[in-house]
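The sequence and structure follow.

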Amino acid sequence: MASTPDSKGPDLKHSISTSDSVLSENASRLDEECAQLLVDIRRIGEPGEPHVLFGQLFDDDQVANYYEALVGTLKSAKKRGLIDFKGQMLLKGPHDNVKITIKES
């Protein structure tokens, strides 16, 4: 029996289902990381001040152990309007003194 050009075999359906599941898991992890980032900024920064320097955040042991890719999480949180910092990307060393600020909504 020949398959039609628009028919999707079981392998393709399984692959799409698996891809959707992976995307959902990644989105969920990123949501968790963005929420945790706000907690970490408040924890590391001065009490009552919703900001931290990138170097302080990067060098914190709990941060280093939690985030899969801190810079990627920072970029995502900035894109979502949760935080703000100068520039597009932060690098350890040259950007240690860049202030990361929580945007109050």
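Is Phe54 buried or exposed? Phe54 counts as buried because its relative accessibility is 0%; buried means under 20% relative accessible area, exposed over 50%, and partly exposed in between, with a 1.4 Å probe and protein chains only. This is a predicted model, in which local features need pLDDT of at least 70, side-chain atom pairs count only at pLDDT 80 or more, and totals for chains, interfaces and linings use all residues. Residues are numbered from 1 along each chain as its sequence is written, and side-chain values use heavy atoms, with hydrogens and water left out.

Phe54 and Phe58 are 4 residues apart in helix α2 (residues 54–59), so about one helical turn separates them. Helices here are DSSP runs (H or I, at least four residues), numbered from the N terminus. Phe58 is partly exposed, at a relative accessible area of 35%.

The structure holds 2 aromatic pairs. Rings of Phe, Tyr and Trp (its six-membered ring) pair if their centres lie within 6.5 Å; planes under 30 degrees apart count as stacked, over 60 as edge-to-face and the rest as tilted. Phe54 and Phe58 form a tilted pair, because their ring centres are 5.6 Å apart and their planes lie at 55°. Tyr66 and Tyr67 have ring centres 4.9 Å apart and planes at 85°, so this pair is edge-to-face. Tyr67 is buried at 7% relative accessible area, while Tyr66 is partly exposed at 28%.

Glu33, in helix α1 (residues 10–44), is in contact (heavy atoms within 4.5 Å) with residues including Tyr66 and Tyr67, leaving aside neighbours within four places in sequence.

Notes. Helix = DSSP H or I, 4+ residues; strand = E, 2+ residues; numbered from the N terminus.
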